[in-house]
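Colleague: Could you take me through this model, beginning with the terms you rely on?

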2 protein chains.
Amino acid sequence: MKQSRYKTYAREGCPVEATLELFSGKGKGMILYHLLEGTLRFNELKRRVGALTQRMLTKQLRELEGYGLVHREVYAEVPPKVEYSLTDTGRSLEPILLALKDWGEEHALPRLREKQAESAICETE
Amino acid sequence: MKQSRYKTYAREGCPVEATLELFSGKGKGMILYHLLEGTLRFNELKRRVGALTQRMLTKQLRELEGYGLVHREVYAEVPPKVEYSLTDTGRSLEPILLALKDWGEEHALPRLREKQAESAICETE
DNA sequence: CCGTATCCATAGAGATACTG
DNA sequence: CAGTATCTCTATGGATACGG
């Protein structure tokens, strides 16, 4: 009855999809990747992540915290200071994040540039 | 000026996000994962992927084809026969897919079960 | 067998303004 | 500094039903 070396997972409980869900939502990949560096304050993260609105950054961070991947440390100071860091579970994603980065640099980015070249007619501003 | 061993990527051109975009859309992870097995016909894929409607499966496959990750081979027969397989680029995602699967089995699935236990009050049907 | 076409509901995300 | 609060728009995906 051997028909596959890979286990067949249906939707409920597919480990691939379950893991991908952690990254679903704009910017989660980037956030996690930048936190590999170490602890970052909200605005440091915001600067690194670039094109994410404050609202979105907050939202994604809360979700990541909910997953137990990110730790949020609030300091009772004025002005306010909040630091974000990876939990152990979050850090265990490092191999995945680095693999995503490597693949992207090798395959995805070159294509993006092609596409940008195609549609370079617009938005030269 | 060393401040990070990791390069700082803004949104445009972040390789992590660029790679993640390939997986965005319901079922893409699962589809790619199952195609690691080898060539599959539409309905074989449908069975493995389980809770994906025909419409969605078609849509995701078209997008993956568009990314150049999946090859679609149509046979001019009656009844129709269409086979899907990974391109070389698609196959190069294998390390990522396996890493996602391994992480999921170790971390994500145990949590899912917790959550399901919590909300087990509803939908026992 | 392998899809399209259509309609509809919801979740995701942008812009912007305000606050402890 | 580090967030909420709205309000709006679009993209995503489910449920059919039909077609080559």
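Modeller: Contact here means heavy atoms within 4.5 Å. This is a predicted model, in which local features need pLDDT of at least 70 and side-chain atom pairs count only at pLDDT 80 or more, while totals for chains, interfaces and linings use all residues. Residues are numbered from 1 along each chain as its sequence is written, chains are lettered from A in the order in which they are written, and side-chain values use heavy atoms, with hydrogens and water left out.

Colleague: Among the contacts in chain A with a separation of 6 or more, what percentage comes from residues 24 or more positions apart?
Modeller: Chain A holds 6 helices and 3 strands, which are DSSP runs numbered from the N terminus (helices H or I of at least four residues, strands E of at least two). Along the sequence they follow the pattern α-α-β-α-α-β-β-α-α. Of the contacts with a separation of 6 or more, the share from residues 24 or more positions apart is 50%.

Colleague: How many of the residues of α1(A) are buried?
Modeller: Buried means under 20% relative accessible area, with exposed over 50% and partly exposed in between (1.4 Å probe, protein chains only). In chain A, buried residues make up 41% of the 125 residues. In α1(A), the buried residues include A:P15, A:L20 and A:F23, and the count for this helix is 8 of 9.

Colleague: Which elements give two or more residues to the side of chain A that touches chain B, and which gives the most?
Modeller: In all, 51 residues of chain A are in contact with 51 residues of chain B. The area buried between the chains, meaning the accessible area (1.4 Å probe) lost on putting them together and summed over both, is about 4500 Å², with 67% from carbon and sulfur atoms. The elements giving two or more residues on the chain A side are α1 (15-23), α2 (28-35), α3 (42-49) and α6 (94-118). With 15 residues, the one that gives the most is α6(A).

Colleague: Which residues touch the most other members of the largest nonpolar core?
Modeller: A nonpolar core is a set of buried Ala, Val, Leu, Ile, Met, Phe, Trp, Tyr and Cys residues joined through side-chain atoms within 4.5 Å, and the largest has 66 residues. Leaving out residues up to four places away in sequence, B:F23 touches residues that include A:L20 and A:L100 of chain A as well as B:L32 and B:L93 of chain B. Those touching the most other members are A:F23, A:I31, A:L32, B:F23, B:I31 and B:L32.

Conventions:
Buried area is the accessible area (1.4 Å probe) that two parts lose on being put together, summed over both.
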